[in-house]
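Hello,

Here is the structure you asked to look over. Please open it beside this message; my notes follow.

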Amino acid sequence: MATTAAPIKTIFRRPESSTGFWSWITTADHKKIGIMYGYVAFFFFIMGGIEALVLRIQLSVPENTFLTAAEYNAMFTMHGTTMVFLFVMPASAAFFNYLLPLMIGARDVAFPRMNAVSFWIFLFGGIFLYSSFLFGTTGPPEGGYLAEEVSRLGSSANGGWFGYAPNSGAQFSTGTVMDYWALGLQVLGLASLISSINFIVTVFNMRAKGMTFLRMPVFVWMTTVVAFLLLFSLPIIAVALFMITADRQLGTLFFDASAGGDPILWQHLFWLFGHPEVYILILPAMGIVSEVLPTFSRKPLFGYAAVVFAGAAIGFMGFGVWAHHMFSSGVTPITQAAFGLATMAIAIPTGIKIFNWIGTIWGGRVRLNTPMLFSLGFVAMFVIGGLSGVTHAIVPADWQQTDTYYIVAHFHYVLFGGAIFGLFSGLYYWFPKLTGKMYSEALGKIHFWVMFIGFNLAFAPMHWLGLNGMVRRTWVYAEEAGLGPWNMAVTVGAFTIAVSILIFMFNWWWSRRNGPESGMDPWDARTLEWTLPSPTPEYNFGVSPVVTALDDFWEKKYTTDDDGRPVRRENADLIIAELEETGLNPPAPIHLPAPSYYPFIVGVGVFVLAYGIVYNTRPWGIPLLLAGALIVIGSFVGWGVEPLEEIHEEHHEPDHDGNNDGEPAADPTKKAADG
Amino acid sequence: MADQTHAPHPTPRLYVQIAILLAVLTAIEVGLFYLERYVGEIGPSLTVPALIILAIIKFVIVVGWYMHLRYEHRLLTRFFMVGMFAALALYGAVIVALLFTADIL
Amino acid sequence: MADLAQADIGHHDEHESTGIDNRKLGMWVFLSSEFLFFGALISNYLLFKGRDFGYTTIFPIELYDIPFTSISSFVLLMSSLTMVLAHDAWSTGDQNRTRTWLLATAMLGMVFIGGQVFEFTEFVLEGMTLTSNPAASAFFFLTGFHGAHVFLGIVMLLSLYGISRRSEGLTEKQGLNLELVGLYWHFVDIIWIVIFTIVYLIP
């Protein structure tokens, strides 16, 4: 009983179906978009992971010859670029997309088709970036820059994820790989910018009745702060990327020191974006942890307001510390002092969050399910990473640490032990809501412990490897340095992580097929998404909720006794049953945003446009560029005039086969009835 | 679908008056430019602040009346200001940092 | 039970928590990010404009034709007037006037672009190109991106004009689009106010 609307005749009839392959291509449903972000992000996680393993094989023994220097440069560049732009950011986007409307009691985001376009631009941007492995060159067409031919493995961006000029400029990076990098990032940035506008308007405008700002879940707050960080930092790198592309393609002189340009300008512009970027990477995970810890401690978040304001403060202050990435780049002592101080200051709101999380667990009735293990792991690992971070804030110390593995240790502790652990916590936590099934707790715990051990084995030694002088971004290290044994340990740790990920993937796949039904509220949780049937119905809420308190759902289920302990209300089960019933059988017709082809086509257009720019000197380059531009503009016109068809959901059954396609298990009669 | 009932909505007449004001301000700016260039150093120290102030006035007028921000929900003003001040602060810092590294380049 | 009885039986959730239309809020949010975009371009120019490396190539500041650019600036300012008159006309239901003022705005925009093209051509002929020196690169980048924004604005204005020529003219929904394009157009104008002062007028 999917759609009943009559089609309106336009050039392309607006699609109607909510099932099947094309429903994914044309979807404007935030949940489907979130799922697609999730799977694509995970695919790139594997890619980035393989790049890491390849790097670690090379570094496992001194003076290894597994990779050439050129290949090594490509691998570490793509590892970083992939993990930042193609894994952590889109994985966070997956969570934002799926959960944000649910947590604020909305049916979708403010601009559903724009939401879809963000995804398609991201996907095509990622494919474009990776296609450099197939098509990219590290030398001019008439002959390689390096003495030997560079293999396909070495033919991708190789200037580091930060692409410092003038190394990334036309003189020192001949060939096309850095064009792929600059344009790829430009495209990816565009996707995120569009998303950020969407999320800000959604949070400000689409909250359910009674959901004031200070009743929003912390995860929603962190999403909002991240959206503002994206909004203000992405334009900066957009300009920088335009400048480097122009330097490379048009011969402008922004970063050409011999002509009066300024390579340090690149560093400023990049890190003005780059530092807020790392808070963009960590805040979503902090938001997830702030939801998981209270649920599994059976206690409210300690100091909700403080956690919220600390998150906002981190976001705000994150704009003021960028030059701490430039302490050894020749900035003046005053600059170094100012940014060193600012960097130390940012530890304060971070510390507030840590103490509040500990306060949440303290005295609670803690259940150590897998999501909780990962969240606890987050707190511990992030503290370690944060401590090494504070040592970088001391400028003279940083002069020793910078460009060594000590820095690598720091950011992997905060990004892997922090962000990635947080994301896994969320994946396990919301698995039931997404699929209607429960994952295997045993496999989940094994995943955690193997990953925890592997992670620490991989990254703890980097602290002393770095302090003992092991340099970053170099494909070999000398035999005499004595760094071999610990490097081998690191490599073993990396492969251990890989094993844990295989365990996770198996758990995910197996549990989706065979896991027991989870029910609506398997964790006895606090926020609005748990008032919905599992898996989430296509229309989200059968009836829009009215919110009367923070953790409104918990308040419905529990009151507190004189000692402050939660006491289950008598009618809690009745309320839950009613919520499930309304969720499955909405009392009134519900309007949903209709699907559309255009977001997908815009993605294609941007993809074509990007190749046109890279190859603009070829005879087919400019035509390709124009074709791409026309496709994009044409799609926006089509998008603007397509009729606002709406799907009417009158009845819905739970998605028993767990494939989240909006239909219950295959029923031939139902399929025939579908138009 | 603006449900807002804002009080005094500018009339076309007011819009035209504003346009005339903007034109006059621009003329003054250009006048100052020539004054400084041809009549000599009356004070480049005066010209630059004066030009900046005039530009700010024009800016505020267009934003407040043409973009209607004066009559809109306060939230829109706040969003606008945040972006503007963020840009001023960040790029101000970059310019200061780069102009004081003259010894490097 | 009581809560559910009070709950909103979900029709099209038209209520916006802030009372501001989604698309309007979205446009203002977008415009605030544009400050960061143009700020970078302006900063680049400020950084490079005074860098004297003993260049043999020409600097932008030597080539400015202030009377010409003043007229361009005036044209753009007047286009903001026509834009706001178009919106006003629409809000009083006068579709004809709306069309007229829309077209006028687009045409003034095209005059501005024409002026920019002419100015750039002059500069190139006098020996300053995109690649002459960093200051030139920064100048062309800044004014070029501004011009690209104006160009996109003209495209949107002409699209609206095209839509307004249908029998039903500009509907309620399209009226909001008119306001949004207007906001974008005024923003591009105020950026020019900043550029004109900082780039051209300040010694």
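Asp551(A) sits in the loop between helix 16 and helix 17 of chain A. Helices here are DSSP runs of H or I with at least four residues, strands are runs of E with at least two, and both are numbered from the N terminus. Asp551(A) has a positive phi of about 55 degrees, although it is not a glycine. Asp551(A) is buried, at 16% relative accessible area. Buried means under 20%, exposed over 50%, and partly exposed in between, with a 1.4 Å probe and protein chains only.

This is a predicted model: local features need pLDDT of at least 70, side-chain atom pairs count only at pLDDT 80 or more, and totals for chains, interfaces and linings use all residues. Residues are numbered from 1 along each chain as its sequence is written, chains are lettered from A and ligands numbered from 1 in the order written, and side-chain values use heavy atoms, leaving out hydrogens and water.

The loop between helix 16 and helix 17 also holds Asp524(A). Its phi is positive too, near 60 degrees. Asp524(A) is buried, with a relative accessible area of 10%. Pro535(A) lies in that loop as well. A cis peptide bond joins Ser534(A) to Pro535(A), with omega about -5 degrees.

Another cis peptide bond links Ala165(A) and Pro166(A), with omega about -5 degrees. Pro166(A) is in the loop between helix 5 (132-135) and helix 6 of chain A.

Now the interface of chains A and C. 47 residues of chain A contact 46 residues of chain C; contact means heavy atoms within 4.5 Å. The two chains bury about 3900 Å² between them, 67% of it on carbon and sulfur atoms. That area is the accessible area (1.4 Å probe) lost on putting the two parts together, summed over both.

Last, the core. The largest nonpolar core has 298 residues, of which Leu283(A), Phe378(A) and Phe139(C) touch the most other members. Helix 7 (residues 218-249) of chain A gives the largest share, 23 residues. Such a core is a set of buried Ala, Val, Leu, Ile, Met, Phe, Trp, Tyr and Cys residues joined through side-chain atoms within 4.5 Å. Leaving aside residues up to four places away in sequence, Leu283(A) touches residues including Met222(A), Val225(A) and Lys353(A).

Best wishes
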